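Trainee: I'd like to learn how to read a chain's contacts, its elements and its surface. Could we go through a case together?

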Amino acid sequence: MFLFLLIAMVVVVGAVTLAVVGGGDSAALPEVAPERLVDPLPETRPVGRADIEELRLPVVVRGYRMVDVDDVLVRLGAELAERDARIAELESALAGAQATAVGRPDLFAKPDEESAQ
């Protein structure tokens with residue numbers, strides 16, 4: 001009786017193992033296509049606040065997909081560097097214009113007084 005139960009248990013464990021591993025034409029767990037970033041950041045215009053708020057990165061078993069996160073961070077870094085350069089350019093132009101305006105001796109003169117001098 002003990003030998004019969006032992007053989008039956010081995011047969012059941014073997015059958016379950018084959019079923020789980022894929023002992024047949026159809027796989028027990030089909031491969032799932034990886035989730036991709038559906039709506040990436042726009043390529044034709046600068047990134048805005050609404051784009052960042054609507055951005056949803058796909059989640060995988062261990063967190064977010066590193067490739068998608070890296071792509072978004074590189075794009076945002078480039079956008080910020082471009083904006084910082086433009087702000088610095090505008091600030092230097094403004095400082096130059098202010099220095100020119102302050103250096104004029106007739107700063108507070110009215111336009112009709114300028115022509116009289």
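Mentor: Gladly! Let's start with contacts: a contact means heavy atoms within 4.5 Å. Keep in mind that this is a predicted model. Here, residues 24 or more positions apart account for 43% of the contacts in the chain with a separation of 6 or more.

Trainee: Thanks. How many helices and strands does the chain have, and what pattern do they follow along the sequence?

Mentor: There are four helices and two strands. Reading along the sequence gives α-α-β-β-α-α.

Trainee: What share of the residues is buried?

Mentor: Buried means under 20% relative accessible area. Of the 117 residues in the chain, 10% are buried. The chain exposes about 10300 Å², and carbon and sulfur atoms supply 65% of that area.

Trainee: Is L3 buried or exposed?

Mentor: The cut-off for exposed is over 50% relative accessible area. L3 lies in α1, which covers residues 2-21. At a relative accessible area of 59%, L3 is exposed.

Trainee: Which residues form the nonpolar patch on the surface?

Mentor: The general idea first: an α-helix has 3.6 residues a turn, so residues three or four places apart point the same way. In this model, F2, L3, L6, I7, M9, V10, V11 and V13 form the patch, with about 840 Å² of accessible area together.

Notes:
Residues are numbered from 1 along each chain as its sequence is written. This is a predicted model: local features need pLDDT of at least 70, side-chain atom pairs count only at pLDDT 80 or more; totals for chains, interfaces and linings use all residues. Side-chain values use heavy atoms; hydrogens and water are left out. Patches are made of residues with over 30% relative accessible area and no salt bridge: like charges are joined within 9 Å, nonpolar side chains (Val, Leu, Ile, Met, Phe, Trp, Tyr) within 5 Å. Accessible areas come from the Shrake-Rupley method with a 1.4 Å probe; for residues, only the protein chains shown count as cover. A salt bridge is a side-chain nitrogen of Lys or Arg within 4 Å of a carboxyl oxygen of Asp or Glu. Buried means under 20% relative accessible area, exposed over 50%, partly exposed in between (1.4 Å probe, protein chains only).
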